[in-house]
Amino acid sequence: MKIIKIAHLYYDIMNLYGESGNILALTEALKRQGARYSVSNVTKGDKIDFSKFDIFYIGCGTDANQMLVLKDILRYKTEIKKIFKKKVFIATGNSYELFGKKINDVEALGCLDFESKTVRNRIVKEQVYKTYILDKPVIGFQNRGSINNSKENHLFEVISGNADNNKSKFEGIHVYNFYGTYTIGPLLIRNPHLLDKIIRDFFEANRYPYKEIKNTTDYKAYDAYLKNFNIKRDF
């Protein structure tokens with residue numbers, strides 16, 4: 001197995017709610033698989049060769065930092081579009097808006113067919129989702145000040161909480177190997193089933209051997225959360 005190369009994009013300015021925890025979850029899961037990996041922390045002004053990485057992660061930032069990142073990442077618009085269908089992208093919080101067409105009428109990367117805009121009242125709530133890629137609920141938290149008009153390729157159906165906008169019952173996007181959601185914080189720590197699904201799909205696509213490992217602290221914490229808050233365990 002070759003070294004799996006991970007890029008933590010804008011690790012310092014898109015880390016508003018402890019998103020670096022998602023990188024820790026990802027690397028711990030890879031360790032359990034016996035995989036070799038490297039993590040490159042890249043940020044504004046760095047030269048990024050997107051072709052050399054396998055997995056990209058970007059977290060949530062303030063509205064001001066989101067705009068700083070948008071201006072910086074647009075340098076790579078052509079390069080990102082070229083590899084978008086081939087690589088794994090995980091984007092949480094408002095970073096997932098960067099991959100749409102526009103944010104408040106400002107040009108974005110245009111990899112996905114939706115536009116985002118700021119709203120007056122912040123959206124703050126615990127989330128429970130179902131998803132077609134798993135038979136287990138996904139839990140999370142949102143604290144955002146924007147909505148989008150995404151109409152297809154949704155990652156989640158909202159059981160409790162907020163959708164992409166007030167006319168929708170869906171949240172996030174899953175297309176190719178892109179996983180985008182407004183859910184913030186350590187999403188992959190709180191949802192080990194989702195993390196393992198992403199890794200398993202990546203391993204299978206690359207013909208790497210994959211081992212089911214569920215006797216871990218994060219699985220126990222997930223099960224305890226569902227029990228404590230009386231959340232249905234299977235869909």
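This is a predicted model: local features need pLDDT of at least 70, side-chain atom pairs count only at pLDDT 80 or more; totals for chains, interfaces and linings use all residues.
Local features require pLDDT of at least 70 and side-chain atom pairs count only at pLDDT 80 or more, whereas totals for chains, interfaces and linings use all residues. Residues are numbered from 1 along each chain as its sequence is written, and side-chain values use heavy atoms, with hydrogens and water left out.

Helices (DSSP runs of H or I, at least four residues) and strands (E, at least two) are numbered from the N terminus. Helix α5 comprises 14 residues, 192–205, and spans 20 Å from its first C-alpha to its last, close to the expected 20 Å (1.5 Å times one less than the number of residues). Ten of the 14 residues of α5 are buried (under 20% relative accessible area; exposed is over 50%, partly exposed in between; 1.4 Å probe, protein chains only). Among them are H193, D196, K197 and F203. Just after α5, R207 adopts a positive phi of about 60°.

Ten salt bridges were counted (a side-chain nitrogen of Lys or Arg within 4 Å of a carboxyl oxygen of Asp or Glu). One of them joins K2 and D54, at 3.0 Å from N to O. K2 lies in the segment before β1 and D54 in the loop between β2 and β3, so this pair ties together parts that are 52 residues apart in sequence. K2 is partly exposed at 44% relative accessibility, while D54 is buried at 9%.

A salt bridge at 3.8 Å, N to O, is formed by D218 and R32. D218 belongs to helix α6 and R32 to helix α1, so the pair links parts 186 residues apart in sequence. In E28–K31, the closest N and O atoms are 3.1 Å apart; both residues lie in α1, three residues apart, about one turn of the helix.
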